[in-house]
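Here is a friendly walk through one protein chain, written for someone who likes to know how each term is set. Have a look at the model first, and then read on.

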Amino acid sequence: LGKDPKNEPFTIKMTGGPDGDVAGNEIKVLIREYGDNAKIVGIADHSGCAEDPDGLNHDELMRLFHASLCISNFDPSKLGSRGVLHTVDTEEGVKARNSMHNRLEADAFLPCGGRPNTIDIKNYRQFLKADGSPSSPLIVEGANLFITADARKALYEEAGVTIVKDSSANKGGVIT
């Protein structure tokens, strides 16, 4: 996307929590390889979502990863001034969790967990902003079947979203 991740900051939003195999290890790799350049602006899992446009605190994410804790255990005191933690024990929290992947803008979206067919041909436009551009121009599917084939095609054809399909993105990890 024209960024040098070793030398320029970039933003990521992801599904799957720090306690998940795919998402947790992706968090670990992003922090290890790119340090402060990797700004993880949102994470949603079964328990809720944490969002911070300035990037979620790396030390807190690693604490959750090492303790195998889901995102609802994120310490709110570790959020920036614009950050928020939503848990699924409220209707607002459920709505925030279920829409985070569409609402937040980021350089890349990494579905690393979640329900199959979450983005489908009926709702893929929710991933687009009001001007028709995508909320993330790059999707790397770490989770199997998160986006249906027809939604994947529509996102590419209508909004130019570059998508690394789940079967390609997962090959090395599954083998390992």
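Helices (H or I, at least four residues) and strands (E, at least two) are DSSP runs, numbered from the N terminus. Serine 68, for instance, is found in the loop between H2 and S4. The model is predicted, so local features need pLDDT of at least 70 and side-chain atom pairs count only at pLDDT 80 or more, while totals for chains, interfaces and linings use all residues. Residues are numbered from 1 along each chain as its sequence is written, and side-chain values use heavy atoms, with hydrogens and water left out.

**Helix H1 and its partner H2**

Let us start with two helices that pack together. H1 covers residues 21-34 and H2 covers residues 58-67; they pack at an angle of about 140°, with their axes 10 Å apart. Axes here are lines fitted to C-alpha atoms, for helices over the stretch in contact, and angles run from 0 to 180 degrees between N-to-C directions. The crossing of H1 and H2 is left-handed, a word used if the near helix is turned anticlockwise from the far one by less than a right angle, with right-handed used if clockwise.

Which residues meet where H1 and H2 pack? From H1 come Gly24, Asn25, Ile27, Lys28 and Ile31, and from H2 come His58, Leu61, Met62 and Phe65. Contact means heavy atoms within 4.5 Å. Sorted by class, the contact of H1 with H2 has 5 nonpolar, 3 polar and 1 charged residues. In this sorting Ala, Val, Leu, Ile, Met, Phe, Trp, Tyr, Cys and Pro count as nonpolar, Asp, Glu, Lys and Arg as charged, and the others, Gly among them, as polar.

The length of H1 can be checked too: at 1.5 Å a residue, its 14 residues should span 20 Å, and its end C-alpha atoms are 20 Å apart, which agrees. The expected span is 1.5 Å times one less than the number of residues.

Ala23, Gly24, Ile27, Leu30 and Ile31 are the buried residues of H1. Seen down the axis of H1, the buried residues fall within an arc of 125°, so they line one face of the helix. The arc is that of the directions from the helix axis to the C-beta atoms. Buried means under 20% relative accessible area, exposed over 50%, and partly exposed in between (1.4 Å probe, protein chains only). On the other side of H1, Asp21 and Arg32 are exposed. The cover over the buried residues of H1 includes strand S1 (10-15), strand S2 (38-45), H2 and strand S5 (108-111). Just after H1, glycine 35 takes a positive phi of about 55°.

**Helix H4**

H4 spans residues 149-159, and its buried residues are Ala151, Arg152, Ala154, Leu155 and Ala159. These residues cover an arc of only 165° around the axis, which puts them on the same side of H4. Ala149, Lys153, Tyr156 and Glu157 are exposed on the other side of H4. Glycine 160 follows H4, and its phi is positive, near 70°.

Serine 68 has a positive phi near 55° although it is a residue other than glycine. Asparagine 117, also not a glycine, has a positive phi of about 65°, and this asparagine lies in the loop between S5 and strand S6 (138-140).

**Accessibility of single residues**

| Residue | Relative accessible area | Class |
|---|---|---|
| Serine 68 | 51% | exposed |
| Asparagine 117 | 43% | partly exposed |
| Lysine 78 | 40% | partly exposed |
| Leucine 85 | 21% | partly exposed |
| Glycine 113 | 15% | buried |

In the contacts below, residues up to four places away in sequence are not counted.

Where does lysine 78 lie? Its place is the loop between H2 and strand S4 (84-87). Lysine 78 touches Asn57 and Glu60.

Leucine 85 lies in strand S4. Its contacts are Cys49, Ala50, Ile71, Ser72, Phe74, Pro76 and Leu79. Leucine 85 and alanine 44 are 41 residues apart in sequence and 9.9 Å apart in space, C-alpha to C-alpha.

Glycine 113 is found in the loop between S5 and S6, where it touches Thr15, Gly16, Ala143 and Phe146. The C-alpha atoms of glycine 113 and methionine 14 are separated by 8.3 Å, although these residues are 99 residues apart along the chain.
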